[in-house]
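Dear colleague,

Please find below the structure that I am handing over to you. My notes on what was found in it follow directly after.

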Amino acid sequence: MGVGLNNLGEVYLGLKDYKKALELHKNSLSLREENNLTYHSSWSHHNLGRTYLALKQYELAESHLNKAIEIREHSNAIADSIGPKIDLIRLRISKGEQTGIESILEGIITLSAQHARLQEKAQAYELLVNYFQQNQQWKSAFNTAQQLMQNKFEFLQRQAEIGVAFYAAQMNLAIKERDIASLTQENMLHQINSQAARNQLILVLVGVLIIALLTLYFVSRINAKNKALIETLENLKSTQKQLLESEKMSAMTTLVSGMAHQLNTPLGLVVTSASCLEDKLKEILALLAGKKLSAKQLQTFLEDASEMLAMTANNSARAADLIARFKMIAANLDTSEAG
């Protein structure tokens, strides 16, 4: 803040708005002293001295210039004390003082040369030339003017060197900026390529993940379908077994029904023959018991009994044959079921 006020005060001093310049430099000095910026306050003292000098308030100007010199010499900033010393010489010349001016200016010139302060050295030479001219020391004025010209030439040469150095620095800066821009561009391209590679890798990984998920999904679906098919097959086998059992039972029922029907006839004949034979035998026994049995009756009974026994034997054999066939059919059914 103090620097800004001081610089702004210098602008108003250059514009010869001394009132505004004094206000700004006083504020700058106050601010710097409040913050214990002793060395920096010397610049405010110097500019206040210059402003008071322009206003021809010599006592105030001398006080501030001496204060600036004191602070800078105390801070071992000898080179920075040259400026206020030159302004102090201007003040003395403005007041008409002549004593010691020449020696003081020569001391300032020597000090400026020691610290390579060409601008202050030129100002001191100009004051010395004016001093010699006022005192009509023309030869000294001429020699000093030559030294002034030489100093200005050195100053311009130094400025040129500084300009060349500045231009070279600018060129180096431009080259470095170009290199930085190139590196930045390369870095951006590298980042873009890296980002593209990362994006591509992410896409590949996402694709692999999707394929894996789809594979798992379809595998689970296939497993589920296989499980359902296995269950269906088991159900079909169970149903088939039940159907086979049902068909077997139906076949057995049909077979038994058929066999019963086929056995009914011979067995019925056997029963009928046996029943008739029993009745005939009872009649014969009754006749025999009553002693009424004749030979003819016995002969007839024997013939009838023979026929009935033959019928019984034939029908019994027929029934036995049917039963054997029934057993064979049942065995075939068991064999086909086992297969």
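For residues 201–219, UniProt lists a "transmembrane region" in an unreviewed entry; UniProt positions follow the numbering used here, feature names are shortened, and annotations may be inferred rather than shown by experiment. In this predicted model, the chain over residues 201–219 is 100% helix and 0% strand, with its end C-alpha atoms 26 Å apart. Helices (H or I, at least four residues) and strands (E, at least two) are DSSP runs, numbered from the N terminus.

The unreviewed UniProt entry also places a "coiled-coil region" at residues 219–246. That span is 100% helix and 0% strand, and 39 Å separate its end C-alpha atoms.

Residues 42–75 are 88% helix and 0% strand, and their end C-alpha atoms lie 10 Å apart.

Which residues touch the most other members of the largest nonpolar core? They are Ile89, Leu105, Ile108 and Leu128, in a core of 17 residues. Two or more residues each come from helices H5 (82–94), H6 (101–114), H7 (118–134) and H8 (138–289), and H7 gives the most, with seven. A second, separate core has 10 residues, including Leu22, Leu48, Leu53 and Leu88. A nonpolar core is a set of buried Ala, Val, Leu, Ile, Met, Phe, Trp, Tyr and Cys residues joined through side-chain atoms within 4.5 Å; buried means under 20% relative accessible area (1.4 Å probe, protein chains only).

Residues are numbered from 1 along each chain as its sequence is written. Local features need pLDDT of at least 70, side-chain atom pairs count only at pLDDT 80 or more, totals for chains, interfaces and linings use all residues, and side-chain values use heavy atoms, with hydrogens and water left out.

With kind regards

Key. Buried means under 20% relative accessible area, exposed over 50%, partly exposed in between (1.4 Å probe, protein chains only).
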